[in-house]
Amino acid sequence: MNASLESLPVTTRHSVSSSIVPAASTLVGLATDITIRDGIFEIPGEVALHHGGKLSGVRIAWRLAGPTTAPVVCALGGISANRYVCLADDPRQEWWSQIAGPDRPLDVNRFRVLSFDYLGGSADSTGPEAGTAFPSISSYDQAEVLARVLDHLGIRALRAIAGGSYGGMVALAFGERYPERVGHLLVTGASDRAHPMATAWRSVQRQIVRFALDCGRPKDGLQLARALAMSTYRSSEEFSARFNGAPVVDGERFVFPVESYLFSRGGDYASRYRPESFLCLSESIDLHRVDAGRIFVPTTAVAVREDQLVPLADMRAMVARLPVARLHELSSIYGHDAFLKETEQLRRIFAVALESVL
């Protein structure tokens, strides 16, 4: 494939007649024509990776949505996120619809929203296949992929990167490596390195998946790993409010309300995500380590007090090391998942951060 070849057509979505918006209620605030561009391009030659591996024929899937002349903000999420940030034909594909979109904190009326499928992930970019070896991936590698996407699209610089969870790690890596190509970092639920307790939880998840792969039951293993992960994403306060009911008898055993929830979510995840990609990007989170003292891009960091995976103390310590940074601390029953859910709390923070780069 030619390095500049886009595999999907450019489409223009209009404010009222757009088939990409599923319900009239989501049209509120959609005041301008929105252009949607999707593409897949191949990076020529060989890509040398941060941890020593190499990949050839790397394909990267990207998406750009917004007014054609608007400034570009890159939106990046957790390891399960893909390029469909918002305004997808199928709303089930959208991973940030409560934060990005018309009249949302990241407003597609004012910005073009760029994203891409992670290298090593389970979407349309290059990733591991069943039964094959795949090298370790760093947040620096994802940052290089983003720089290549910008070159491919002819975008000199981003106004901002809005990253949550793993996406925040990639934003920090990009800010360190390519400071001239981004005006602001907006980082939620991500620090300059992984906390050892979070690594402990993820290490167990990965070992569950590896054991299941060895046993020939990869989806069962991924369901178990995801169920365990779900217990770390939210707060104990939310679980107490939602799952405090009595267990029910199922055959010869009791099933607890929280158990049903966790394994339902785990099963859904296992039905649409590759176990090998989970192993790759889960490891990438724990390998993440950047030098905060070398990130001179102005940074807005958002910490959630109830976040079990990224402790408040780690966020405070990172901000103290960043040369130009401001920390917002908020409370949310959603814990680590607050970056997906807290529309109003994040609206105010996004407004201030994004106004500073207009």
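# Helix packing and salt bridges in a predicted model

Leucine 158 is placed in the loop that runs between α1 (139-153) and β8 (160-164). The model described here is predicted. With a relative accessible area of 3%, leucine 158 is buried. Setting aside neighbours within four places in sequence, the contacts of leucine 158 are Val72, Cys74, Leu114, Leu146, Leu150, Arg181, Val182 and Gly183. Serine 136 stands 22 residues from leucine 158 in sequence, and the two C-alpha atoms are 27 Å apart in space.

## Packing of α1 and α2

Two packed helices are described by the angle between their axes and the distance between the axes. For α1 and helix α2 (residues 166-177), the axes come within 8 Å and cross at roughly 70°. The angle falls in the range of 65 to 115 degrees, so α1 is roughly perpendicular to α2. On the α1 side the contact is made by Ser139, Tyr140, Gln142, Ala143, Leu146, Ala147 and Leu150, and on the α2 side by Tyr166, Met169, Val170, Ala173, Phe174, Glu176 and Arg177. Sorted by class, these comprise 10 nonpolar, two polar and two charged residues. Leu146 and Leu150 of α1 take part in this contact and also touch leucine 158.

Methionine 169 belongs to helix α2 and is buried, at 6% relative accessibility. Not counting residues up to four places away in sequence, methionine 169 touches Ser139, Ala190, Ser191, Ile285 and His288. Between methionine 169 and leucine 340 there are 171 residues of sequence separation and a C-alpha to C-alpha distance of 16 Å.

## Packing of α3 and α7

Helix α3 (residues 196-214) packs with helix α7 (residues 275-287) at an angle of about 160°, the axes lying 10 Å apart. This arrangement makes α3 roughly antiparallel to α7. The crossing of α3 past α7 is left-handed. From α3, the residues in contact are Ala198, Thr199, Arg202, Gln205, Arg206, Val209, Arg210 and Leu213; from α7 they are Pro275, Glu276, Phe278, Leu279, Ser282, Glu283, Ile285 and Asp286. By class, the contact has seven nonpolar, three polar and six charged residues.

A salt bridge joins the side chains of aspartate 286 and arginine 202, with 2.7 Å from N to O. Aspartate 286 in helix α7 and arginine 202 in helix α3 are 84 residues apart, and the pair thus links distant parts of the chain. Both partners lie under the 20% limit for burial: aspartate 286 counts as buried at 17% relative accessibility, and arginine 202 counts as buried at 10%.

## Packing of α4 and α6

Helix α4 (residues 218-233) and α6 pack at about 130°, with 7 Å between their axes. That angle makes α4 oblique to α6, and α4 passes α6 in a right-handed crossing. Lys219, Leu222, Gln223, Leu224, Arg226, Ala227, Met230 and Ser231 of α4 meet Tyr261, Leu262, Phe263, Arg265, Gly266, Gly267, Tyr269, Ala270 and Ser271 of α6. The classes in this contact are nine nonpolar, five polar and three charged residues.

## Salt bridges

The structure holds 24 salt bridges.

| Aspartate 286 | Arginine 202 | 2.7 Å |

Glutamate 355 belongs to helix α10 (residues 343-355) and arginine 110 to the loop between β6 (106-107) and β7 (112-116), so the pair ties together parts 245 residues apart in sequence. Glutamate 355 is partly exposed, at a relative accessible area of 46%, and arginine 110 is likewise partly exposed, at 36%.

Aspartate 268 counts as partly exposed at 29% relative accessibility, and arginine 272 counts as partly exposed at 46%.

Elsewhere, salt bridges link Asp38, Arg63, Arg83, Asp117 and Asp124 in a network.

Technical notes. Residues numbered from 1 in each chain as written. Predicted model: local features only at pLDDT ≥ 70, side-chain atom pairs only at ≥ 80, totals over all residues. Heavy atoms only, no water. Axes fitted to C-alpha atoms, helices over the stretch in contact; angles between N-to-C directions. Helix = DSSP H or I, 4+ residues; strand = E, 2+ residues; numbered from the N terminus. Parallel < 35°, antiparallel > 145°, perpendicular 65-115°, else oblique. Left-handed = near helix turned anticlockwise from the far one by under 90°. Contact = heavy atoms within 4.5 Å. Nonpolar A, V, L, I, M, F, W, Y, C, P; charged D, E, K, R; others polar. Salt bridge = Lys/Arg side-chain N within 4 Å of Asp/Glu carboxyl O. Buried < 20%, exposed > 50% of the residue type's maximum accessible area, 1.4 Å probe, protein only.
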